[in-house]
Every structure is written in C-alpha cells, then in structure tokens.
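Here's a quick briefing to read alongside the model. Take a look at the sequence and the fold, then work through the notes below.

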Amino acid sequence: MYTLPCSHVLAVCREKGLRTDTYVPEIYSRQTYRRTYHANFHPVLSENFWRDVPFNSTFYPSNMKKEWGRKQGKRFQGEIDYRNPYSPLRCGRCRMPGHNRKNCNNPGPSNV
C-alpha cells in the first residue's frame, strides 16, 4: 500500500514531472485502505452463543467415484496430431508399414 507496484511507471512519471496517483485507481489509495479497516473487529464468540440454524449445515462430498488411471491431458490438438486414415500404420522401431513395434522382426538401430 505504500508504493506503487511498478517502479518503471514511477521512473517515467518522475522524468516527465507527472503525478503518479493519476495512474492508480482510488480503491488502492492509502486513504481507502484506512477507511476500510478503521473499525474494530471483534472475535467470534464461543459456540454457546451461536444461533441454531433450521437446516443441516454439514456438507458431505458427492457420490462420484474416483476414476482410475492417469488423467487425460487437456492439450488442444492441431492438424499435425491427426493421421491420414488411408495411410497404413507404421512400426515405431523400423518405420515399415504393416506391423507395430510389439511384433516387429526387423532389428532396429542399436542405441549403444
């Protein structure tokens, strides 16, 4: 409350001889802060002084079941994420069509 959040604004205002309080809304002024908190706050009394409410104030969690597994990402997919449905699947190891990495018989490049 005692300084403006951006020192760059202050520096420019000082150079040009401008008033800095014109860039800050009234709600963030020191006077507004003091007017808001000038009253005394009293502590909450013990539960013996509380009124009874006409409804059940206990809230329980919903009956939703927890989903198992890793949560799916929320990334937006672009054009590159969609594959052509007419192109055959390719192996992740040898990049040849017709099979996948699990049943690949071709020896891949060694990573040694």
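A residue is called buried under 20% relative accessible area, exposed over 50%, and partly exposed in between (1.4 Å probe, protein chains only). Keep in mind that this is a predicted model, where local features need pLDDT of at least 70 and side-chain atom pairs count only at pLDDT 80 or more, while totals for chains, interfaces and linings use all residues. Residues are numbered from 1 along each chain as its sequence is written, and side-chain values use heavy atoms, with hydrogens and water left out.

**The whole chain**

- The protein chain has two helices and zero strands; helices (H or I, at least four residues) and strands (E, at least two) are DSSP runs, numbered from the N terminus.
- Of the 112 residues in the protein chain, 7% are buried.
- The accessible surface of the protein chain is about 12500 Å², and carbon and sulfur atoms own 55% of that; such areas come from the Shrake-Rupley method with a 1.4 Å probe, and for residues only the protein chains shown count as cover.

**Around the helices**

- Serine 29 sits in the loop between α1 (7-16) and α2, and it counts as buried because its relative accessibility is 16%.
- The side chain of serine 29 also makes a polar contact with the side chain of threonine 32, at 2.9 Å. (That's a pair of N or O atoms within 3.5 Å; within protein, one must be able to donate a hydrogen and the other to accept it, and residues adjacent in sequence count only if both atoms are side-chain atoms.)

**After α2**

- Leucine 45 lies in the segment after α2 (30-36), and its 55% relative accessibility is why it counts as exposed.
- Val44, Leu45, Phe49 and Trp50 make a nonpolar surface patch of about 520 Å². Patches use residues with over 30% relative accessible area and no salt bridge, joining like charges within 9 Å and nonpolar side chains (Val, Leu, Ile, Met, Phe, Trp, Tyr) within 5 Å. A salt bridge is a side-chain nitrogen of Lys or Arg within 4 Å of a carboxyl oxygen of Asp or Glu.
- Arginine 95 is in the segment after α2 too, and with 52% relative accessibility it counts as exposed.
- Phi of arginine 95 is near 65°, a positive value in a residue other than glycine. Most residues other than glycine have a negative phi.

- Cysteine 91 is in no disulfide, and the nearest cysteine sulfur, in cysteine 104, is 3.7 Å away.
- Cysteine 91 is buried, because its relative accessible area is 0%.
- For cysteine 94, the closest cysteine sulfur is that of cysteine 91, at 3.8 Å, so the two are too far apart for a bond.

Conventions: Disulfide = S-S within 2.5 Å.
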